[in-house]
Amino acid sequence: MRNLAIPDAVVLDIDGVLVDVADSYRRAIVETVVREHGLAADLARATVQPLKNAGGFNNDWVVTDAIALYTLARDRGYDTVPEAFADDVARAGGGLTGVRAVLADAVGTKVEADWDPDRLRAVFQSLYLGSERYREFEGGDPPLDASGYIEDEPALIDAETVAALRELADLAALTGRPAQEAEVALSRVGLGDLPPERRVTMDGDLPGKPDPAGLVALAERLDARSVLFAGDTLDDVRTAVAAGETDSTRTYRGVGVLTGGLTGESGRTKYKDAGAWRVVESVNDLPGLVERTTNTNA
């Protein structure tokens, strides 16, 4: 019988763990809201991470919608700063539902009359994918011509780390990306050979993080008894915690990675408060962490 303390599956988030998305996805969020609603770029940028911390924003299209609504509310006199706004959203349950509830209480529901999520998504995808990939992935012509931020996502994981993890455990990916965009990133870092059953993406049938269904499904597919899940947001850690509460037949451990929006000692504290088993500076620290767990059974 396998020791449940030893991870036999390592599940990896993509954004902020395998590839750096500061100048791709996050840039697309900011520039979409700036283009469509005229919010100052520094204020838009300052709103992204607080919302991510609030929970329910695994999908960056939803983050874009949230900041667009926040901007429209500001135009109607809502002057709450981003951090306090995000705190209110968290108390309201997180995600876009929380945003709409908070802003409806503050300025009324008419703020949504000028919100066009389809347009925001199309602009976002134009900026992120670029014109050529937009036509390939989305179909039709993009609303604006762009080179595509997806082409410049530096790898955060070393080839040596990929090789070491393959030796130590079964690998899988759990991401909020659509499948085609996940394929681009996984191929870039040498994990393009992960079969479909080892990938959970946003366009599958399973709910997104922090719902644990995707992580539990991967554990079942891999016949894993101990799962380590590494991500760069609090919702990633919350996913692992929720999986352990949902599935008592396996051990789930969430590892916070400090190469996304959460960094430094404040990031470590937030991860620990969310229930992280360990916090690492980089995904490249994972092989050593798995080896130590194997050797110490801890």
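Predicted model: local features only at pLDDT ≥ 70, side-chain atom pairs only at ≥ 80, totals over all residues.
**View 1. Packing of helix α1 against helix α2.**
Helix α1 spans residues 25-37 and helix α2 spans residues 41-54. Their axes come within 9 Å and cross at roughly 130°. Angles over 145 degrees count as roughly antiparallel and those of 65 to 115 as roughly perpendicular, and α1 and α2 are therefore oblique to each other. The crossing in which α1 passes α2 is right-handed. On the α1 side, the contact is made by R26, I29, V30 and V34. On the α2 side, the residues are A41, A44, R45, V48, Q49 and K52. Sorted by class, this contact comprises 6 nonpolar, 1 polar and 3 charged residues.

**View 2. The largest cavity and its lining.**
The structure has 1 cavity of 30 Å³ or more. The space in the largest cavity amounts to about 260 Å³. Its lining consists of 22 residues, of which D15, K52, N58, N59 and D60 are the closest to the centre. Helices α1, α3 (60-75) and α10 (234-246) are the elements that give two or more residues to this lining. By class, the lining residues divide into 11 charged, 6 nonpolar and 5 polar. K52, one of the residues closest to the cavity centre, also belongs to the α2 side of the contact in View 1.

**View 3. Packing of helix α4 against helix α5.**
Residues 82-91 form helix α4, and residues 95-107 form helix α5. The two pack at an angle of about 110°, and their axes are 8 Å apart. This angle makes α4 roughly perpendicular to α5. As α4 passes α5, the crossing is right-handed. F85, D88 and V89 of α4 meet G95, G98, V99, V102 and L103 of α5 in the contact. The contact has 5 nonpolar residues, 2 polar residues and 1 charged residue.

**View 4. Packing of helix α10 against helix α11.**
The crossing of α10 and α11 is right-handed. Contact residues are L234, V237 and V241 on α10, and K270, Y271 and A274 on α11. By class, there are 5 nonpolar residues and 1 charged residue in this contact, with no polar residues.

Notes: Residues numbered from 1 in each chain as written. Heavy atoms only, no water. Axes fitted to C-alpha atoms, helices over the stretch in contact; angles between N-to-C directions. Helix = DSSP H or I, 4+ residues; strand = E, 2+ residues; numbered from the N terminus. Parallel < 35°, antiparallel > 145°, perpendicular 65-115°, else oblique. Left-handed = near helix turned anticlockwise from the far one by under 90°. Contact = heavy atoms within 4.5 Å. Nonpolar A, V, L, I, M, F, W, Y, C, P; charged D, E, K, R; others polar. 1 Å grid on protein atoms, 1.4 Å probe; cavity = no way out; pocket = protein on both sides within 12 Å on 5 of 7 lines; lining within 4 Å. Points joined across faces, edges and corners; volume = space filled by probe spheres on them.
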